[in-house]
Amino acid sequence: MMKIKKNEILAMISRLDQVIEHARKTEVEYADQIAKVHPNYRDSAINLIHYRTLRLHDIRKLQDQLAYLGLSRLGKAEAHVMASMQMNRAILQSFVEEKKIEGIRARVSFKQGEKHLNKNVKELLGYRTKGRRVRIMVTQPSETAQNYDLVERILQAGMNTARINCAHDGPAEWKSMIGHIQTASKKIKRRCKISMDLGGPKIRTGEILPGPGVVKFKPEKDVFGRVINPLPVYLVSAKDYASEIDINQVPIVDKYFEQLQIDDVLTFKDARGKKRRLKIKQKEDASWVVYIKKTTYLETGTIIKIDREGELSEAEVGTLPSVEQSLVLRIGDKLILNKKKVLGEPHVYDEEGLIKQHAHISCTSEEIFSSVEEGERILFDDGKIEGVIREVHEDKLVIRINYASDGGAKLRADKGINFPESKLNISGLTEKDKEDLPFVAQNADVVNLSFVNRASDVQELLDELDKLESKNLGLILKIETQSGFNNLTEILLTAMQTYPVGVMIARGDLAIECGWEHMGRIQEEILSLCQAAHIPVVWATQVLENLAKKGIPSRAEITDAAMSQRAECVMLNKGPHIIHAIEMLDHILKTMKNYQNKKAPMLPVMQIGS
């Protein structure tokens, strides 16, 4: 230990006393709120207040001084704030007075902080999997309502909590999913919690006017552009046409379809005016087969001439699926956001290529139009498009696009809209949420509350649950806005009236709201506040997303998954390769358990080589 003067030690003790006294005064100020929390959370609420008070002080100089003496820097004191400060004070006092360190008296001891958290995690998220501390939550795809085998495979791979999103499917499908999960749990003897997401006030783009019915057929070509294999295309009767089938089909209006024969020569101009000549080669079941050697665009109503040994007749292409339109937006463009539910349309250009009618699209939430102001930022589709509000009208917003990808970004229907600088007066519970809540309360173990902005959002849910006389339903708060983060202490204290409680860091929306450059800091602050309250955290959004959707993870995803060891639970979203993603995450969490416990690094024997 390096030498340090007595007066410096006394100054350190004085600084600690200032923080301790402030923490105790703040505890008294919050007495009414602390009195309302669930008995299981009484000590945790006090510790949360102590930690929040500690963080109101800049103690970086004190931390450096403590480190020089080999003492705790209070950097990992979240779970036992007062005990940590008192222990440091007692050690410093012993340096001055050279007397034995007396026992520390605090509501939450070092051991109790960890014990409280472990108990709360178990109550909310269920039993852990052998070999890892962190639980895995998996969003259930719609397919699990019909496919029991998939549910069992997901559970076998390592799922601890099943998440059902109420924004999709309905009570019948949810009931089936839950039944499959419960059956699989009994079969493989692994308990699994059921967590259901209330949709919340989603602010999204409205529908866009459907495009024309056009289908593109492209044969396989080599690197030189030469056709390797002609593309087989199946002509079917319009009444038998199924656009959702992944097969190259073309509907022919019924009265024309009946006259087709093998060896008929078909000629037509495709949607681009390109002449095409095809020959019917064979019949398969109820379809005629032609082979396309050149890229062809067919549209609804295309007239096809039939040449049968010099005799000409005609056929007509039936109704093809409409192309999903998008609004192509470039930097400097003007976009109209409508309050009325009108179908969106892209820019309309004149003969000289100038915009004569600006693109417009509606918003699913009418409430925002009375809450936003000129000059505030607006983001679309996870921040891929950014603009600033130039004009606010009762029925519309006029937006100037400030950021879009080179060549223009495509804005489609049902994409998220964020207002990071606006004070939106939107409740945490929608009418649909209130309709779904009785089912959730009766069938789930945990309810997830989306877009929690303030303590009143949580109180509203608790009041609704009281009406339903729901007693043992766990609660997870999804923090996905700047307001939610700013008000987190009050939000937690309100939520702690019930038991058990958790927090989900919805990193996608939160990063957009707070700014990507601030996300690391904010994520750290949420982890710390929740640890102080002994409340488990769910690490969510885009964890191993490439792996789940495409089968191959990115390097950044693996690092992110390893860092998730800092939370109590990691959420995976659905995807075709979800089983592989669960298995990979399970392996990473088991491996990282030896190197990271929450935010504290662990030091196992270093393994050199493979």
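I count two strands as paired if DSSP finds at least two bridges between them. Helices (H or I, at least four residues) and strands (E, at least two) are DSSP runs, numbered from the N terminus.

Ground rules before I start. This is a predicted model, where local features need pLDDT of at least 70 and side-chain atom pairs count only at pLDDT 80 or more, while totals for chains, interfaces and linings use all residues. Residues are numbered from 1 along each chain as its sequence is written, and side-chain values use heavy atoms, with hydrogens and water left out.

I traced an open sheet with mixed pairing and the strand order 8-7-12-11. Which strands stand at the edges? They are strand 8 (249-252) and strand 11 (282-284); each has a single partner strand, so one side of each lacks a neighbour in the sheet.

Then I checked one pairing in detail. Strand 7 (residues 231-237) runs parallel to strand 8, and four bridges join them. Y234 has Q249 of strand 8 as its bridge partner.

At the strand 25 end, I found two bridges to strand 21 (residues 377-380), and the two strands run antiparallel. L379 sits opposite N418 of strand 25.

**Entry: strand 4**

Strand 4 (residues 214-217) pairs with strand 13 (residues 296-299) in the antiparallel sense, over four bridges. V214 has E299 in strand 13 as its bridge partner. I looked at the faces too: V215 and F217 make up the covered one, V214 and K216 the uncovered one.

**Entry: helix 1**

Expected span, for the record, is 1.5 Å times one less than the number of residues. Helix 1 (residues 6-29) has 24 residues and reaches 35 Å from first C-alpha to last, close to the expected 34 Å. I call a residue buried under 20% relative accessible area, exposed over 50%, and partly exposed in between (1.4 Å probe, protein chains only). The buried ones in helix 1 include I9, M12, L16, V19 and A23. Among the elements covering them are helix 3 (42-54), helix 4 (60-68) and helix 5 (81-97), with contact meaning heavy atoms within 4.5 Å.

**Entry: helix 11**

The 13 residues of helix 11 (residues 455-467) should span 18 Å, and the end C-alpha atoms are 19 Å apart, which agrees. Its buried residues include D457 and E464, along with V458, L461 and L465. Their cover includes helix 10 (431-443), strand 26 (446-449), strand 27 (474-479) and helix 13 (488-495). After the helix comes E469, with a positive phi near 55°.

**Entry: cysteines**

How many disulfides are there, taking a pair of cysteine sulfur atoms within 2.5 Å as the rule? I get zero. C363 is in none, with the nearest cysteine sulfur, that of C514, 20 Å away. C363 is buried at a relative accessible area of 0%. C530 is in no disulfide either; the nearest cysteine sulfur belongs to C569, 13 Å away. C530 is buried, with a relative accessible area of 0%.

Terms used. A disulfide is a pair of cysteine sulfur atoms within 2.5 Å.
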